[in-house]
Amino acid sequence: MPMAFPLQAHHDIPCKRKRALKIQQQEQVEKMQYYTILVGVNGAGFMNALYLPPNGVAIQLAPYNTTLNIGTYAELMKARGPYLEWHNTHKENHFVPESHPNAHGVDTIVDTKEFRELIQEALAVLAKDEL
């Protein structure tokens, strides 16, 4: 299903959103082979980036002030191919759900300008790889 967000609307970049939890593991692996850029929040679902094609860019989104396993995920992703990282540096864009006050789960609002810059950087990596 197409994803409607400013990057697609303003830059005509085709985007798809797929919840990995709704499909079987084999299908997840197969679908990853067709993606050129995968953007994901730090967590187990981001491990699907390991199945991107060799030149596919994995982009990890890190919540505000997190000390979770960002570095571990980064090392895994760098070993498989192009990797970029974004850190939420805006405290006002960080929310801990009331239903999970002691959990690691947080909601992060990604700054639109920073996200566009990140995607442009990923596109530049892809373009460089095609040369």
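User: How far apart are Lys-31 and Glu-27 in helix H2?

Analyst: They sit four residues apart in H2 (residues 25-32), which means about one helical turn separates them. Helices here are DSSP runs of H or I with at least four residues, and strands are E runs of at least two, both numbered from the N terminus. This is a predicted model, in which local features need pLDDT of at least 70 and side-chain atom pairs count only at pLDDT 80 or more, while totals for chains, interfaces and linings use all residues. Residues are numbered from 1 along each chain as its sequence is written, and side-chain values use heavy atoms, with hydrogens and water left out.

User: And what do the side chains of Lys-31 and Glu-27 form?

Analyst: A salt bridge, at 3.7 Å from N to O. The term means a side-chain nitrogen of Lys or Arg within 4 Å of a carboxyl oxygen of Asp or Glu. In general, side chains of opposite charge can pair when their charged atoms come close.

User: How many salt bridges does the structure hold?

Analyst: Two. Glu-117 is partly exposed at 39%, whereas Lys-113 counts as exposed at 57%.

User: Back to H2. Which residues are buried there?

Analyst: Gln-28, Val-29 and Met-32. They lie on the same side of H2 because they cover an arc of only 95° around the axis, taking the arc from the directions from the helix axis to the C-beta atoms.

User: What covers the buried residues of H2?

Analyst: Strand E1 (37-41) is included in that cover. Contact here means heavy atoms within 4.5 Å.

User: Which strands does E2 pair with?

Analyst: E2 runs parallel to E1, with five bridges joining them, and parallel to E3 (residues 83-87), again with five bridges. Two strands count as paired if DSSP finds at least two bridges between them. Gln-60 is the bridge partner of Gly-40, and Gln-60 also stands opposite Glu-85 in E3.

User: What's the overall pattern along the sequence?

Analyst: It reads α-α-β-β-α-β-β-β-α, with four helices and five strands. Of the 131 residues, 33% count as buried.

User: Last topic, the surface. Which residues make a nonpolar patch?

Analyst: Leu-50, Tyr-51 and Leu-76 make one of about 220 Å². Patches take residues with over 30% relative accessible area and no salt bridge, joining like charges within 9 Å and nonpolar side chains (Val, Leu, Ile, Met, Phe, Trp, Tyr) within 5 Å. Areas come from the Shrake-Rupley method with a 1.4 Å probe, and for residues only the protein chains shown count as cover. Leu-76 belongs to helix H3 (residues 70-80) and is partly exposed at 37%.

Notes. Buried < 20%, exposed > 50% of the residue type's maximum accessible area, 1.4 Å probe, protein only.
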